[in-house]
Amino acid sequence: MRAFTTTLALAAAALALASCADQGASPTGDKTSVLAGRVDAGPINYEVETLAAGLDHPWSLAFLSDGDMLVTERTGALLLVSADGSEKTIYDFNQNGDFPPVHHGDGMQAGLFDVALHPDFAENSQIYISYAGKVENGENTHFLMRFTYADGELTNGEQLFQATPSRVQGNHYGARIAFLPDGSLLMPTGDAFHFREEAQKLDNHFGKIIRLNADGSVPADNPFVNQEGALPEIWSYGHRNPQGIILAADGRVLENEHGPAGGDEVNEIKRGANYGWPTVTYALDYSGGRVSPFEALEGTEQSLVHFTPSIAPSGFAQYAGEAFPDWQDDLFISALALQHVRHIDMNADGSLGTQQELFGELGVRFRDVRTGPDGMLYLLTEEGSDTSRILRIKPQGWEQPATDEAEETEPPE
């Protein structure tokens, strides 16, 4: 009897191992996402310069034509940081009096989020800002605002979007802004952490990416405009906590998002697509267990890359400059938990290639990464209240190119 019992136990164990080895397999779903956990550090062929210091949880930046930057602090201030690093507050969303104040606090992810220039900023001076704002009954939600910016001042503020429903929690907002070639914009909205099942439903904004016209109206060609029970601004769904979204040079929309302890993703965002969360995912929960047994099912999109352990991706950029020619068109993802910037080679065919960890020697959390108009890489660190920085990354040994100026001569008599 004991031998028979042992045989049954061994058979059950073998079946369990076989199931684990085939997690997510289905007759109609193909697993194509590539796993990338910790990778080797890249060469230190750069120099790190502190451009500005003493910031309070900076979240995003946008470059102006003169090299100055608009920088959001999660606690509610919009800063103007000059090219030489000097800074001043030009708008405080907690004291504006016209719009809901910013929802933020210790242990929260809520706050003032992205700042983005309209593609025609040079003509219309419009900027877009997303944030978590307080509403009635102690709740809060995700807002998108539009302002006119000129000479260090914001005017003509208007609310373009308010996510529904509101929530009490202060986690998982998404909130990055990316403009498309047709002038419309995409903006992720996170699953609010406690409502992940809502990411699969189309009657709410949890775990979605929305698409709006520049004036906040809904484009007529959005995928769910005529679907009963669906919110018309939804562009894609099944997301957890999107943190970065970009329009790549080849025209694709790429997005990164947090898993829990594992299963962070880089996705190619497509019209009307379902990205699976929480039903289809490679994610490990904080307990260490699997969120779902399904890694691939028909009707859901596969991520391009998934990260376990979680790197906690934040900002997202595609390098476009001349200072680092070997980086041209490559992807850069700033990481919070694993304290580095992930460099991903972009192959000629658009596939993702070799990965490296950069700037890990600094031992700090990175909130955002951008290519500057000077071709340098710019990083926002998250080191705490009044201790965070803006870093400028230059090639090793780089010197400011000399400017050719014609000699002034006196006019002939």
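Between which two strands does the loop that holds Leu336 lie? Leu336 is found in the loop between β20 (331-335) and β21 (341-346), where strands (E, at least two residues) and helices (H or I, at least four) are DSSP runs numbered from the N terminus. The legends below describe a predicted model, in which local features need pLDDT of at least 70 and side-chain atom pairs count only at pLDDT 80 or more, whereas totals for chains, interfaces and linings use all residues. Residues are numbered from 1 along each chain as its sequence is written, and side-chain values use heavy atoms, with hydrogens and water left out.

View 1. Leu336 counts as buried because its relative accessibility is 4% (buried means under 20% relative accessible area, exposed over 50% and partly exposed in between, with a 1.4 Å probe and protein chains only). Leaving aside residues up to four places away in sequence, Leu336 touches His258, Ile311, Ala312, Ser314, Arg365, Phe366, Arg367 and Glu382, a contact being heavy atoms within 4.5 Å. Trp59 lies 277 residues from Leu336 in sequence, and their C-alpha atoms are 12 Å apart in space.

**View 2. The second largest pocket, with a volume of about 370 Å³.** Its lining comprises 25 residues, of which Gln109, His258, Leu336, Arg365 and Arg367 are the closest to its centre. A pocket is an open set of points on a 1 Å grid over the protein atoms alone, with protein on both sides within 12 Å along at least five of seven lines, and lining residues have an atom within 4 Å of a point. Grid points are joined across faces, edges and corners, and the volume is the space filled by probe spheres set on the points. Two or more lining residues come from each of β15 and β23. By class, the lining has 10 nonpolar, 10 polar and 5 charged residues (nonpolar: Ala, Val, Leu, Ile, Met, Phe, Trp, Tyr, Cys and Pro; charged: Asp, Glu, Lys and Arg; polar: the others, Gly among them).

**View 3. The largest pocket, which holds about 890 Å³ of space.** Among the 29 residues that line this pocket, Ala116, Leu117, Ile177, Ile246 and Arg370 lie nearest its centre. At least two lining residues are supplied by each of β3 (58-63), β7 (112-117), β11 (178-179), β15 (241-247), β19 (313-318) and β23 (365-371). The lining divides into 20 nonpolar, 5 polar and 4 charged residues.

**View 4. The hairpin of β15 and β16.** Strand β15 pairs with β16 (residues 253-258) in the antiparallel sense over 6 bridges, pairing being assigned if DSSP finds at least two bridges between two strands. Ile246 has Leu254 as its bridge partner in β16, and 6 of the 7 residues of β15 are buried. Between the strands are 5 residues, and Gly251 in this hairpin takes a positive phi near 95 degrees.

**View 5. The largest nonpolar core, with 22 residues.** Such a core is a set of buried Ala, Val, Leu, Ile, Met, Phe, Trp, Tyr and Cys residues joined through side-chain atoms within 4.5 Å. Leu70, Ile127, Ile129, Phe147 and Tyr149 have the most contacts inside this core. Each of β5 (77-81), β6 (87-92), β7, β8 (126-134) and β9 (140-150) supplies at least two of its residues, and β9 gives the most, with 4 residues.

Terms used
1 Å grid on protein atoms, 1.4 Å probe; cavity = no way out; pocket = protein on both sides within 12 Å on 5 of 7 lines; lining within 4 Å.
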